[in-house]
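Colleague: I am new to this structure. Please walk me through it, feature by feature.

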Amino acid sequence: MAKCTQANAVISLSGDDQVVQRIPAGELKCFHVTKGVARANPSSGGERVRFADGNYVDKRLRGRTIWHKPLPNLSALRPEPGDEVLAWYGVSPVWALRQSSGLSVNIVSVPLPKLADGQPPFDYLNSESFIQVLPLLHFLRQVTAGSDWTRPPLRACLMFDDPNLHWTSYGFLPYQEVARQAKSCGFHVAFATIPFDTWFSHRRAVNLFRDNPELLSLLIHGNDHLRSELGRPRTPEGHLRMLAQGLRRVARLERTTGLCVARVMAPPHGAYADAALAAMLALGFEGVCISTGSLRNWNPHRQWSAAFGLEMAEMMEGFPVLPRFRLSASCEAQIIISAFLDRPIIPVGHHDTVADGLELLSRVAEVINSLGDVSWGSCEMMLHSNYLKFRGDATLWVKSYSSRILVTVPPGVTTIVLENPDKEDGFGVAGFRIAKGGDSAPHPTRLTAGEPISVKPGETVELVSQILGNVDYRRVKPRMLSVWAFSRRILCEGRDRLAPLIYRVRKRRVHNAG
Ligand SMILES: [Zn+2]
């Protein structure tokens, strides 16, 4: 233990409390797992985890209470006088801070999980299960504070799948009222619209979106909106033609309305298999937005990195997948854990998610805004800012989690160096091109990770995956209109638009019967 005086931190997992007593006094930080004592009256169900309100706890967790799934054999800490309890599971303290003689010890009574071969830690660091891993991550962040990568600020949007611009509302979503609430409560709503639906746009709906780009934005939701559209097996040519048809339709919407649609795909029904990835990148889709669960379910044979679910996006051969989760009155835990992990916060729903009123949006936005400064905006904004940075004198190191990032060069910086987030699954495969000052022409030489780029302070440098948008959708062989897709979509839209009326009639009947 004497050698510990030369270290910054000690992690002790043996459960032997003698270890802490033998650590020499000094400016050491220590993380120690203790055996703890049996909990009194443990519940067989899950319990709430309550984080302390003190300054030591990360401000995104501070004072929060989040439900946690059952941990049957969990022990409790026996705090000593002077200990600051940082978290409780139910009423049992499970994480505490002990400080004496310069030594700062995080003590937890929750052992680290035993991961199966290839199992990602994400399985123990998500909105339902986190207390076995979160304290260690919290500790590591404290130890590396000041020498770690700087993350982007918290970013968020609320998202709805399916709405279109055929009218000034879609089902339970009156756009004018959504915009009014977004403005008064401070949030942004991204609508994943179906390319098939772009055959008509209502002028007032278009004007509302055009006049409020800071509040409302559009992204792409499949093409025809058929079941498992982006999950079903297709040839590479089949994927290309289907996606190019979607882009033709989106381009028509942009041409006729002047609106911009983010080149970000929200796959219908959460179905996205990585076989569609190459076609998307080639056609200029900058990323996908899907739940982490769906991503895993639709790609069961894919080998994920150990950091799966913990980074700002999953990178699949240089193609970013932004995480999203279900919008509901009980999504607070997901919001808080996403924020703690610096992941974009994207609660998503359908129009009937707000059948009981748009107040749900302001309530969820209030939880998100309570986390601190939040940048609300489109998925495009999130992808363009999806990078880590590290400043060293006149050099800025950048680690990208996107296919296109925009870096504003800080004062005093004359060189940018691009780091590869994952050498086997990142930009190292494709390389970058650079665009400066709106010049989108590809850089003549392929830029690879680690290669310095000369820059001027104040300019905005755009770093774009070399393979993004290499295929012009207009040159891809067109695809026939599917009669089945046409009939299905018309029927689905009719159902959605009639839903509020049916809901009101049913409610009145229940009320009268009561
Ligand atoms: Zn949909």
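Modeller: We will take confidence, domains, a core, a helix and a sheet in turn.

Colleague: How do I read the numbering and the confidence?

Modeller: Residues are numbered from 1 along each chain as its sequence is written. This is a predicted model: local features need pLDDT of at least 70, side-chain atom pairs count only at pLDDT 80 or more, and totals for chains, interfaces and linings use all residues. pLDDT is the predictor's confidence in each residue, from 0 to 100. Here the protein chain averages 91, and 95% of the residues score at least 70.

Colleague: Where does pLDDT stay under 50?

Modeller: Over residues 425-429. Where pLDDT is low, the predicted coordinates should not be read in detail.

Colleague: Into which domains is the protein chain divided?

Modeller: Domain bounds come from an automatic or database domain assignment. Here they give domain 1 (2-144), domain 2 (154-383) and domain 3 (387-465). The C-alpha centres of domain 2 and domain 3 lie 26 Å apart.

Colleague: How many residues does the largest nonpolar core have?

Modeller: A nonpolar core is a set of buried Ala, Val, Leu, Ile, Met, Phe, Trp, Tyr and Cys residues joined through C-beta atoms within 7 Å. A residue is buried if 20 or more other C-beta atoms lie within 10 Å of its own, exposed if 12 or fewer, and partly exposed in between; C-beta atoms are placed from the backbone. The largest core here has 129 residues. Val-94, Val-189, Leu-219, Met-280 and Cys-379 have the most contacts inside it. Helix H5 (residues 236-257) gives the largest share of this core, seven residues.

Colleague: Is helix H8 mostly covered or mostly open?

Modeller: Helices (H or I, at least four residues) and strands (E, at least two) are DSSP runs, numbered from the N terminus. H8 (residues 332-340) is mostly covered, with eight of its nine residues buried. Among them are Ile-335, Ile-336 and Phe-340. Just after H8, Asp-342 takes a positive phi of about 60°.

Colleague: In what order do the seven strands of the open sheet run?

Modeller: Two strands pair if DSSP finds at least two bridges between them. The order is S1-S2-S9-S8-S7-S4-S5, with mixed pairing. Strand S1 (9-15) and S5 are the edges, each pairing on one side only.

Colleague: In which sense do S4 and S7 pair?

Modeller: Strand S4 (residues 47-51) and strand S7 (residues 84-89) pair in the antiparallel sense, over three bridges. Phe-51 stands opposite Ala-87 in S7.

Methods
Contact = placed C-beta atoms within 7 Å.
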